[in-house]
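Dear colleague,

Please find the structure below, handed over for your further work. My findings follow it.

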Amino acid sequence: MEGDEALGSLALGWFTWWTVPEPQALEDQLPQQPTKQLPRNQEDVIENGTIAYENWVVPGSPVYRQFWFYDVQNPLEVMNNGSRPILKQIGPYTYRMRYLPKENITQHPDNTVSYMLPNVARFEPDMSVGPENDTFTCINLAVVAAPALYQNSFIQILLNTWIKSSKSFMLQTRSVKEILWGYEDPFLKKVIFPVERTIGVFYPYNGTSDGQYRVFNGKDDISKTAIIQSYKNKSTLSIWADQCDMVNGTDGASFPPFVRKDRILHFFSSDICRSTYGIFDSEQIVKEIPLYRFTVPRAAFASPLETPENKCFCTEEVHSKNCTTSGVLDISTCKEGKPVYISLPHFLYASEDVSKNIEGLSANKDEHETFLDIEPTTGFTLRFAKKLQINLLVTPAPKIDALSKLTRSYIFPILWLNETATIDDEKAAMFRSKVISPMKLLHLLQVVLIIVGCVMFLVFTVSYLICRSNKLSNKEVYL
């Protein structure tokens with residue numbers, strides 16, 4: 001995308017889709033680590049007519065996305081003196097997501113299935129602290145992105161003229177609905193060359209689609225079920241270097257069955273332009289269903305000094321301080337050059353050089369950590385909470401009056417979100433009856449068989465010893 005088009009769009013969509021599938025029949029599965037080729041249970045295959053397919057097409061439980069916005073408490077000091085922003089969190093504002101079925105579903109001869117994910121969001125006022133027209137003071141998306149997209153001094157002088165004539169500044173007051181889904185920007189309306197006038201953190205969203213995804217359906221190998229084969233017809237992203245560029249794992253809604261605690265679970269999100277992973281954290285009980293909790297570890301966003309394999313995620317050396325900064329990821333390469341950085345909420349796990357530029361944040365692992373609670377036999381994610389903070393890099397621009405008072409570059413938070421779902425009571429009861437109860441019965445049967453086997457062995461041994469003793473006694477009497 002050319003620079004003028006990029007300026008008018010700040011679409012920063014998050015997780016592609018996270019669903020809590022409904023339970024499936026698992027009569028043929030055994031509680032042991034599978035070999036590469038398993039006797040397949042047809043109901044577990046993602047193929048039209050199976051239980052798995054029906055639950056895969058549409059999410060089995062409601063998915064909600066909660067937003068918290070950062071309201072700037074000292075806007076004049078920030079704009080006039082370059083002071084540190086003092087932020088106050090407001091929220092949540094909640095939307096229902098992912099309730100439309102997948103589109104353009106096509107089965108392929110190589111045991112894969114392709115599809116598109118429709119994007120849709122519906123406001124839930126009863127789950128929010130206020131209406132969508134609540135306003136707050138936040139960063140001006142178009143003004144702050146301008147110098148990153150247009151580094152030529154002459155162009156910046158022109159931009160400054162339009163920014164001033166539109167009475168735009170580094171900060172602005174906008175509503176929840178405007179910041180999320182888009183608004184017509186007064187500065188962009190002044191730009192004389194062709195440019196998208198509407199801008200928003202997730203603009204455009206409703207009515208768009210993500211994909212094409214192509215995943216293994218598990219028909220020939222159940223251990224590959226739901227693993228992504230390609231995204232937009234490629235197995236790499238053409239964004240990062242080396243292994244960082246690979247599309248790894250599933251989309252996180254489910255994983256291949258028989259999940260072990262020592263396993264690393266990989267999953268991919270197109271909107272953060274990378275794959276990431278979870279490691280085992282703890283055992284959980286959700287609605288009487290035993291689950292394994294996997295969390296995204298600190299190492300996933302650590303600097304190459306701490307995690308050398310993250311070196312390929314470092315794309316510039318100035319703001320990252322020679323790739324020594326932890327806890328934030330520059331994704332501008334896949335956002336058409338817009339200076340977008342992602343992190344965990346409140347800069348959880350971020351370096352001090354990142355968090356010291358902002359006041360009012362308070363990172364808390366329990367509140368801001370991403371987790372997935374997975375039923376280990378089926379690999380289904382039955383509860384999850386995915387947390388993400390969206391930020392923009394603010395840089396001084398002497399040619400642009402609105403940014404000329406800045407004394408340093410720093411990462412400015414806009415909002416953070418929690419995308420979450422939990423299996424509901426009805427589906428939990430069905431899951432217990434179709435999965436947990438049969439597994440308990442199977443384990444009980446195993447115990448009974450072991451006990452019966454031990455008893456039979458003991459009886460056989462005692463009988464053998466008695467017979468042998470009788471034979472020896474008879475032999476002695478005969479002699």
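The structure, which is a predicted model, holds three disulfides. Counted along the chain, the bonded cysteines pair in the pattern 1-3, 2-6, 4-5.

Cys244 and Cys312 form one of these disulfides, with their sulfur atoms 1.9 Å apart. The torsion about their S-S bond is about 65°, so this disulfide is right-handed. Cys244 lies in the loop between strand 11 (228–231) and strand 12 (265–269), and Cys312 in the loop between strand 14 (289–295) and strand 15 (328–330), so the pair ties together parts that are 68 residues apart in sequence. Cys244 and Cys312 are buried.

Cys273 is joined to Cys334 by a disulfide with an S to S distance of 1.8 Å. The link of Cys273 and Cys334 is right-handed, with 85° about the S-S bond. Cys273 and Cys334 are both buried.

A disulfide is also formed by Cys314 and Cys323, whose sulfur atoms are 2.0 Å apart. With -85° about the S-S bond, the link of Cys314 and Cys323 is left-handed. Cys323 counts as buried because its relative accessibility is 4%.

Val455 is found in helix 10 (residues 425–478) and counts as partly exposed, at 45% relative accessibility.

Yours sincerely

Notes. Residues numbered from 1 in each chain as written. Predicted model: local features only at pLDDT ≥ 70, side-chain atom pairs only at ≥ 80, totals over all residues. Heavy atoms only, no water. Helix = DSSP H or I, 4+ residues; strand = E, 2+ residues; numbered from the N terminus. Buried < 20%, exposed > 50% of the residue type's maximum accessible area, 1.4 Å probe, protein only. Disulfide = S-S within 2.5 Å.
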